[in-house]
Amino acid sequence: MERDADPPPGPDAGSQPARRQLLIERRLGAPRLFATAYSTVGSSIYFALGVVAAYALGLTPFVFLVTGLLFVLTTMTYFEGMTAHPERGGSAVMARYAFNEFWSFIAGWAILLDYLILIAISTLSIGNYLSAFWHKLGTDNLDLALAVLVLFGIARYNFHGATPRGRRSTMLAIADLVLVLVIVVLGFIYAFDPDAVTQNVKLGEVPKWSDLLFGTTIAIIAYTGIEAASNLAPEVRVPKRALRRTVGAGAAATLLVFVGVSTVALMALPVEPGIPVIGGQDSGFGTELGGKYVEAPVLGVVQSFTNTWVSDVLARVVGIIATLVLVQSANAGMVGITRTSYTLATHRQLPRGLARLHPRHTTPWIVISIACVLVFLLLLPVDIELLASMFAYGALIAFGLAHLSVIALRIRDPDRARPFKVPVNLRVRGIELPLPAVVGALLSFGAWVGVLIYHDEARLFGSAWMLLGVGLYVIYRSRQGLSLTRMVEVSPTTLASAEPEVEYGSILVPVFGDPLDDDIMSTAGQLASGQDDDSEGGAVIEAIYVTEVPMSLPLDARLPREKVEQANRALARAKQIGEQYQGVEVAVAAVRGRTIGSAIVEEARRRGVEAIVIGAEPPSRIRGGGILGGVSGSRPSELGEITAYVLEKAPSRVVVTAPPERSRLEMPLDGQPNGGAREPE
């Protein structure tokens with residue numbers, strides 16, 4: 001993996017300089033993490049409530065309670081996964097480390113479908129809520145026109161790389177939560193009638209079992225916000241205790257929003273005979289939540305309050321807050337698409353040309369353009385029910401793989417530091433198996449089977465989407481001569497320009513016996529394993545450990561046993577990491593020199609290597625690394641003396657690698673190092 005000393009920012013970076021962007025990211029803590037998750041989860045009440053109520057009828061609060069419990073299980077799973085491997089990508093990252101690149105792609109491709117639907121359904125709902133100010137809105141043509149306008153506004157915003165202010169997002173999340181609490185309280189004041197919720201519930205008849213299951217799977221649409229939150233994994237710094245509180249607060253807020261609002265909604269707009277709803281239910285019962293107000297259910301609830309003054313004021317407040325929240329939700333979907341696509345492209349799971357960064361704005365403009373076209377096609381039917389039914393298909397695949405990934409990682413990598421661990425574990429042969437993740441996996445895949453059975457559109461379009469993705473993946477990887485399962489990574493600089501890839505026959509890697517060695521060997525392993533399999537002899541990594549011998553001693557002087565053992569440990573570890581990559585051979589050697597830098601350069605010259613992979617000594621502010629071969633003149637202040645010397649004197653190309661800020665990949669969210677760098681799978 002070749003990296004630049006100062007690479008262009010990724011697809012989520014704004015127009016500010018990269019270094020300033022880093023300072024902003026380091027401030028992200030528990031409030032921003034909560035706000036990001038809640039803003040996406042909370043926004044779904046504005047469109048999910050009506051569709052679910054159309055099918056679940058009087059059992060709608062129960063459905064949201066059950067799916068809310070699944071959300072709690074899934075939240076714990078995601079938090080363990082993203083603190084163990086704090087990288088952008090959510091379920092795709094977890095599946096990569098737990099299984100392989102193929103299953104990582106399946107999770108990422110499935111969640112891309114949900115992000116597209118999230119944008120479509122959020123933008124389509126805006127016109128219905130703005131009808132509180134202009135009654136002509138809420139018609140299909142005007143709603144479609146407004147949705148397209150918002151879509152292209154969001155696309156332009158992301159194309160230019162604008163960065164939303166975290167404080168505004170947090171304040172909007174708080175305002176939305178306060179509004180929900182006000183609606184629940186006023187609902188109990190003006191429409192309190194518990195019997196109205198259950199009086200027309202007849203299990204198996206009203207609603208029918210098939211409709212209840214249909215509504216339950218649709219309710220999953222409410223909980224994809226956890227994927228959006230997981231994309232912040234490399235940027236947040238949350239202590240363990242605050243992390244647990246964040247999980248608890250998110251679970252409580254979610255249950256309050258969906259169970260509380262749905263209960264008030266059914267008291268205000270109860271299930272009654274003869275009310276038509278979407279989907280052509282034939283039970284003879286319905287609620288205006290799933291009929292007249294299906295596209296703006298929360299607005300219908302507040303307009304049904306008997307106090308006219310309260311209803312009018314609250315309807316306008318709902319119109320404003322809902323519009324802002326839905327726009328933010330749609331933008332979160334677009335950010336999710338760009339980040340997920342960028343991550344898939346950097347691991348060569350998608351053609352890297354799709355994620356090519358714009359030369360000026362450093363944003364994946366091709367991905368944004370394709371997403372706009374696909375969302376526009378999803379908008380054309382102007383059918384929220386269709387969008388909602390398709391949504392569950394991809395979400396359940398991603399959730400199920402996330403649960404299985406956490407279980408697999410407990411087995412494959414039990415000693416990895418986990419700032420947050422899923423509670424309630426069963427110890428089997430020394431391995432702690434997370435029971436909530438086991439239950440979550442069973443529920444997710446069981447619900448997915450229900451989607452296949454009862455959702456005709458989801459079965460057709462969702463399966464077509466997944467088959468298309470798998471076909472693209474297999475064809476692309478096969479044409480590139482890559483394994484379908486092996487990890488391969490493309491550098492950010494490759495995505496930012498059209499430079500041809502450089503191949504190396506031999507690579508020299510100095511190791512020092514510290515945690516950064518794993519990252520250095522991983523970089524070298526990815527460079528070596530990416531060579532043409534037909535090349536004669538393949539690529540070789542030559543790992544060396546340099547011991548400085550002072551001038552007062554001859555170079556062949558007897559060294560202390562501790563020094564020899566330290567060198568042997570470092571070289572053995574380097575060989576273990578490097579040879580995990582397919583077709584890579586690692587040769588190790590202990591070297592002596594008067595200075596480490598001069599010894600490295602001399603070994604590179606003597607061995608005739610084509611590249612040197614070296615780490616920048618801390619403290620380093622390098623984001624990634626890069627090809628710095630042939631650099632002369634004054635060295636960057638961030639580089640240590642050894643690295644600077646090698647850059648200036650090396651007879652070959654030099655690849656510098658360093659994890660950002662003492663490794664974002666390896667610094668858990670509580671800020672404590674876990675004692676080792678990331679190991680490749």
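Modeller: What follows is a tutorial that moves from the whole protein to selected residues.

Modeller: This is a predicted model, in which local features need pLDDT of at least 70 and side-chain atom pairs count only at pLDDT 80 or more, while totals for chains, interfaces and linings use all residues. Residues are numbered from 1 along each chain as its sequence is written, and side-chain values use heavy atoms, with hydrogens and water left out.

Biologist: How many helices and strands does the protein have?

Modeller: Helices (H or I, at least four residues) and strands (E, at least two) are DSSP runs, numbered from the N terminus. The protein has 24 helices and 10 strands.

Biologist: What share of the residues count as buried?

Modeller: Buried means under 20% relative accessible area, exposed means over 50%, and partly exposed lies in between (1.4 Å probe, protein chains only). By that rule, 58% of the 681 residues are buried.

Biologist: What part of the contacts with a separation of 6 or more comes from residues 24 or more positions apart?

Modeller: Contact means heavy atoms within 4.5 Å. Residues 24 or more positions apart account for 81% of the contacts with a separation of 6 or more.

Biologist: Which residues have the most contacts inside the largest nonpolar core?

Modeller: A nonpolar core is a set of buried Ala, Val, Leu, Ile, Met, Phe, Trp, Tyr and Cys residues joined through side-chain atoms within 4.5 Å. The largest one has 136 residues, and Y46, Y129, V318 and L379 have the most contacts inside it. Helix α6 (residues 101-130) gives the most to this core, namely 18 residues. Leaving aside residues up to four places away in sequence, V318 touches Y46, Y129, L179, I183, V298, L299, V302 and T323. There is also a second, separate core of 23 residues, with V511, L527, I577 and V584 among them.

Biologist: How should I read the packing of two helices?

Modeller: Two packed helices are described by the angle between their axes and the distance between the axes. Axes are lines fitted to C-alpha atoms, for helices over the stretch in contact, and angles run from 0 to 180 degrees between N-to-C directions. Here, helix α3 (residues 45-56) packs against helix α4 (residues 60-84) at about 115°, with the axes 9 Å apart. A crossing is left-handed if the near helix is turned anticlockwise from the far one by less than a right angle, and right-handed if clockwise. The crossing of α3 and α4 is right-handed.

Biologist: Which residues of α3 and α4 meet?

Modeller: From α3 come A48, L49, V52, A53 and A56, and from α4 come T60, V63 and F64. Ala, Val, Leu, Ile, Met, Phe, Trp, Tyr, Cys and Pro count as nonpolar, Asp, Glu, Lys and Arg as charged, and the others, Gly among them, as polar. The residues of this contact divide into seven nonpolar, one polar and no charged.

Biologist: What covers the buried residues of α10?

Modeller: In helix α10 (residues 209-218), the buried residues are D211, L212, F214, G215, T217 and I218. Their cover includes α3, α4, α16 and α17.

Biologist: How many aromatic pairs does a search of the whole structure find?

Modeller: Rings of Phe, Tyr and Trp (its six-membered ring) pair if their centres lie within 6.5 Å; planes under 30 degrees apart count as stacked, over 60 as edge-to-face and the rest as tilted. The search finds 13 pairs. In one of them, the rings of Y78 and F399 have centres 6.2 Å apart and planes at 85°, so the pair is edge-to-face. Y78 lies in helix α4 and F399 in helix α16 (residues 384-412), so the pair ties together parts that are 321 residues apart in sequence. Y78 is buried at 0% relative accessible area, and F399 is buried at 3%.

Modeller: Y393 and W448 also form an edge-to-face pair, because their ring centres are 5.7 Å apart and their planes lie at 65°. This pair links Y393 in helix α16 with W448 in helix α17 (residues 435-454), 55 residues apart. Y393 is buried at 4%, whereas W448 is partly exposed at 21%.

Biologist: Is E542 buried or exposed?

Modeller: E542, in strand β6 (residues 540-548), is buried, with a relative accessible area of 14%.
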